[in-house]
Amino acid sequence: MAEKLQLEVVTPKGAVVNEVVDIVTAPGYGGEFGVLANHAPFLSTIKIGVLTYKKEGKEQSLMVSGGFCEVSNNKISFLVESAERGADIDVDRAMKARERAEKRLAEAVQHKDKFDRVRAEAALHRALSRIKLAERGKSA
Amino acid sequence: MASLKEVKMKIGGVKKTSQITKAMNMVAAAKLRGAQQKMENFRPYAEKFNAAMGNLSSGMDSGSFPLMEVREVKCAEIVVVTSDRGLCGSFNANILKMADKLMKKYEADGKKVSFLCIGKKGASYFKKTGKVRKTYPDLMGTFQMFNARAIAQDIAANFLAADADEVQIVYGKFQSVAVQKPASQLLLPVKPVAADEQAAATQVSAAYIYEPSTEEIMEVLLPLYMNVMVYHAMLEVSASEHAARMSSMDNATNACKDIIHNLTLIYNKARQAGITGELMDIVGGAEALKG
């Protein structure tokens, strides 16, 4: 097997992941990016989405929300506001959150309230990512 | 001298008080553990964050970001973080005293001051000054990162609207279970990292690939930095509050014990005096019959 890199996911509630992995894929500022061992030093902001990593052939996913990530010396650290594993996600709650967010988004667009729209969009994004991740977990 | 019954009632009352203070002490101890755990969990995030912030902000022009802009101070805002509840010794009083001093210092220089209070104690203390801009009561028990984010956004918006040119945060720093000290820190404008750290940081940061550009990352990072600062202050206050309550309730329980001891002495003395009086009566009566 090729060289590995150290993955670290840190949230204000504590470290979620601290493992040696083969590859990490994350939702970056300019779209999804992948990081392998011996990557050049790199710093990017992270959007709401799904972070995937492979460890000994097994793929695992996390839902992350906004923050940033730093790559240096074969170590990749994510600093995000929250991170959840697929198994921890409550699908019903996410579904309800999606409906709520869609409704609020529609209202905000109608009233042309930019602030509310941004918030509703973020909420919708979070809900969709959660649902996506939960479904992926089921099919695997 | 108080009557026997009165003393007995008083002993009963003090005993009940000591039960309550003892229970509060134990509750505070349990909550302190939780608060300390929360602080412990947050530490790695804060450390990493500050390191990255240092990497980025070194060698950058502070004037180019609205949140770092240094203006002439006309209005200052003081963010006061206190607990929601009392009965924790002089903990809140110390924070409020410090905030008060800060306000007087600003006003002596002819600057306007407004307050943003997190926690009920600060809100009720500064209410009479009429300078409170906003309060966030009932948060300290169960706050989370998103609460801190809402507050940080509010502070930043106020700063950007030029309603405040400088923002200070006053909170209680948790040094140990026995020691909590009030502390104040400049929140806005955000200061770039100190010069000596810069030298080391620039060497590392030079090789980094940034996506998007460093400027744009800073735009994202600065508000996050505010969240971290506010959240950190709230964590410190919540841990300090429980520690302060623990020790003050311990003191109260000890004081109750002392009072009960003294009252018991008085009670026994009074009882003894009563018995002696009755004996004298009996002896006197017997003597009279004899005669």
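**The interface between chains A and B**

Between chain B and chain A, 7 residue pairs are in polar contact, both residues of each pair being at pLDDT 80 or more; a polar contact is a pair of N or O atoms within 3.5 Å, where within protein one must be able to donate a hydrogen and the other to accept it, and residues adjacent in sequence count only if both atoms are side-chain atoms. The elements of chain B that give two or more residues to the side touching chain A are α1 (4-57), α4 (145-160), β6 (209-211) and α6 (214-290). The largest share of this side, 8 residues, comes from α1(B). Helices (H or I, at least four residues) and strands (E, at least two) are DSSP runs, numbered from the N terminus. By residue class, the side of chain B that touches chain A divides into 16 nonpolar, 4 polar and 4 charged residues; Ala, Val, Leu, Ile, Met, Phe, Trp, Tyr, Cys and Pro count as nonpolar, Asp, Glu, Lys and Arg as charged, and the others, Gly among them, as polar.

The model is predicted: local features need pLDDT of at least 70 and side-chain atom pairs count only at pLDDT 80 or more, whereas totals for chains, interfaces and linings use all residues. Residues are numbered from 1 along each chain as its sequence is written, chains are lettered from A and ligands numbered from 1 in the order in which they are written, and side-chain values use heavy atoms, with hydrogens and water left out.

In the interface, 24 residues of chain B are in contact (heavy atoms within 4.5 Å) with 24 residues of chain A. The two chains bury about 2200 Å² between them, 65% of it on carbon and sulfur atoms. Tyr45(B), Lys48(B) and Glu211(B) supply 30% of the area that chain B buries against chain A, more than any other three residues. Buried area is the accessible area (1.4 Å probe) that two parts lose on being put together, summed over both.

The count of salt bridges between the chains is 2, a salt bridge being a side-chain nitrogen of Lys or Arg within 4 Å of a carboxyl oxygen of Asp or Glu. Lys48(B) meets Glu8(A) in a salt bridge, with an N to O distance of 2.8 Å. Strand pairing also links the chains: β5 (residues 42-46) of chain A and β6(B) run parallel over 3 bridges, with Phe42(A) opposite Ile209(B). Two strands pair if DSSP finds at least two bridges between them.

Within chain B, strand β1 (residues 75-81) is largely enclosed by the rest of the structure, because 7 of its 7 residues are buried. Buried means under 20% relative accessible area, exposed over 50%, and partly exposed in between (1.4 Å probe, protein chains only). Cys75(B), Glu77(B), Val79(B) and Val81(B) are buried on one side of the strand, and Ala76(B), Ile78(B) and Val80(B) on the other. Strand β1(B) runs parallel to β2 (residues 112-118) of chain B, joined by 7 bridges, and Glu77(B) stands opposite Ser114(B) in β2(B).

Chain A has 2 helices and 10 strands. Of its 140 residues, 44% count as buried. Val64(A), in strand β7 (residues 58-64), counts as buried at 0% relative accessibility. Beyond its neighbours within four places in sequence, the contacts of Val64(A) include Pro27(A), Ile46(A), Lys47(A) and Val80(A). Lys47(A) is 17 residues from Val64(A) in sequence and 7.8 Å away in space, C-alpha to C-alpha.
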